[in-house]
Amino acid sequence: MNVLAVVDAQTLVDAVGLGAVYALMAVGIGLVFGVLRLVNFAYGQLVMAGAYTLAFTSTWPVAGSIAACFAVVIALSLLMERAVFRPLRTSSPAVMLVTTFAVAFLLQSVALIVDVRDDTIGEPASSVAPLNQAISLAGVDVRKVTLVAVGVAIVALGLLALLLGRTTIGLQMRAAAADFRTARLLGVRADRVIAFAVVLSGILAAAVAVILTVQNPLVSPDFALKDTIVVLVGVVVGGIDRLWTATLGGFAIGFATGVINGALPTEQTVFLPSAVFALVILVLILRPAGLFARGRGALVERV
Amino acid sequence: MTRRLGSTVQLLGPAAAIAAVGFVATLVSRANEIYFLNALVSVAIVVAIYVFVGNSGVLSFGQISFVAVGAFAAGVLTVPLESKVGVLPDLFPFLRDHTVGSATSLALAAAVGGVLALVVGLPLMRLSGLAAGIATFAVLEIVHNLLREWTKIGPGATTLSLVPETTGALQATLGALLVVVVAFAYQRSRLGRLLRATREDPAAAQAVGVGIHAQRLWAFTLSGVLCGFAGGLYVHMLGSITTEQVYLELTFITLAMLVVGGLTSLWGAVLGALAVSGLDSVLGKAEEGSFGPDLPTGSRLVVVGALMALVLILRPSGLTGGRELSLRRRPA
């Protein structure tokens, strides 16, 4: 409990906010991994594309700007699925990961070319900035966007649980995640299930884009890149094989980042990434199969 | 006899390609020499990565962190004593008060890279395939963060300069050859074959008593040694370096080289490094406007990224098909 002694309520609120955003990203990555066994490294670039859309439409009404953001991100997700994921469906997980790594750098470079047309790097997205105002709750400053992030995360996870548990398409997605080939033999239409997972993951990316842009209104080509790396590592630490452990892993690494940030002395906060990733390696030593995995995982995957 | 000849070709082919590039480097103008040196150092880095990734089949995004510590170790240790106190005042005394020759600094860079790889490999190599690959990002992030912020071990966020530029055409060629020879010797050794067995079928390899963790750790450490060495070559070629130069973009470009050439063969690593490095140099010159109108900044990475994705989708085993160089035509 002495960790909590040095961490005040403010830090905890911010940590929960960050954890909620990372949990959303983790769900987006985990959904696609479930049906395709594909770790989408370019997920952060979907968020980046959404953020640029918000920046370029900042003269529009807020609702229109956010709608455009969702439209662009979902369209880009579907394009990515059609152009990259589908031809790779039979490849090994490592090949798929490297390909999405290439796609990530490709999209980032395209963003750079688009961005530096006005000779500056970074575009401000001002229309959504009002959400960043703080409101005071019992002496703790809570930014509105933190409430939005936590709210969106809870609602999204709740809806997702209903969707996966109560609907036919959800059942098909779970079946596909458990054993794709058998699911297809039993009449699950692969393209439909995959497209559905990709759209859901795109919706989540767009939501994350809005939240992150509110928190950090200067959009640059490497927007959300660091966050994606952190979330990917978090997803692995939590256990990538199941959606819930992956999501918990995403939340945990966000929460831990927030808490460590608050606990480190001010002059040491530059070492925050080292502290977080050192913690990750420690967890991996103790629980190589994943922090939330049940029992001991087999060393060899799916033989 | 034929087998002997076959294996000689597997080593001599890559070696000849490296020697040819090194020879051309001595012929071209001073301004263009850097592109050829860069290609040779890229070969060293990519082959060093290949030793682990190619032989084990486990993806790693962390090998560039060993290049980074090698580069900064070799760089910091060779800055002339009389300027060191002035430009790097915060260093630990043992780093501040000693300066070694370039050759010694390469050996030390290799040692530092190897020790770091061994230390981080111990926990990380226990993870299975995909998870291990992603977890290596943790290493890249920690090393980048420490090198960038901790001024007791390096220049921090500023540029490390005044490093002697001792990697010329000869040194780059010999360095790349050394890395290739070590990689070749390893993959033909007993350890190399054991590791390749775990790549082809982990369950079967384990069943006949191959320890996956130990074999991967060996290769990871050897790869760290070679990466550190290549990092030393790199810093002595550049003369000045920042932490951003040995971070995500270098990780991306070296992985692209390995993938384009073919992940599972030494010949693929060498060929991919030379091909992508050549393309990268041409595009870099085009961005500067050497061939008519300027390409916008960033188009270099767009082309390399698109090429890498295309190769992976259309020909996932790379230009060489993941095979070593051979004189005989193999049945398709």
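Trainee: How many residues of chain A and of chain B are in contact with each other?

Mentor: In this predicted model, 43 residues of chain A are in contact with 45 residues of chain B, and the two chains bury about 4000 Å² between them, 82% of it on carbon and sulfur atoms.

Trainee: Why is the pair A:Lys226 and B:Glu141 called a salt bridge?

Mentor: The rule asks for a side-chain nitrogen of Lys or Arg within 4 Å of a carboxyl oxygen of Asp or Glu, and the closest N and O atoms of A:Lys226 and B:Glu141 are 3.7 Å apart, so the pair meets that cut-off. Across the interface of chain A and chain B, the rule finds one salt bridge, while the count of residue pairs in polar contact, both at pLDDT 80 or more, is three.

Trainee: Which elements make up the side of chain A that touches chain B?

Mentor: Helices H4 (62-85), H5 (93-115), H10 (225-238) and H12 (272-286) of chain A each give two or more residues to that side, and H5(A) gives the most, with 14 residues. By class, this side of chain A has 38 nonpolar, three polar and two charged residues.

Trainee: What makes A:Phe41 stand out in the largest nonpolar core?

Mentor: Of the 197 residues in that core, A:Phe41 is one of those that touch the most other members, a group that also includes B:Phe137 and B:Met308. The largest share of the core, 15 residues, comes from helix H2 (residues 30-56) of chain B. Leaving aside neighbours within four places in sequence, A:Phe41 is in contact with residues including A:Leu97, A:Phe101, A:Ile229 and, from chain B, B:Phe137.

Note on methods
Residues numbered from 1 in each chain as written. Chains lettered and ligands numbered in written order. Predicted model: local features only at pLDDT ≥ 70, side-chain atom pairs only at ≥ 80, totals over all residues. Heavy atoms only, no water. Contact = heavy atoms within 4.5 Å. Buried area = accessible area lost by both parts, 1.4 Å probe. Polar contact = N/O pair within 3.5 Å; in protein donor to acceptor, adjacent residues only side chain to side chain. Helix = DSSP H or I, 4+ residues; strand = E, 2+ residues; numbered from the N terminus. Nonpolar A, V, L, I, M, F, W, Y, C, P; charged D, E, K, R; others polar. Core = buried A, V, L, I, M, F, W, Y, C linked by side-chain atoms within 4.5 Å. Buried < 20%, exposed > 50% of the residue type's maximum accessible area, 1.4 Å probe, protein only.
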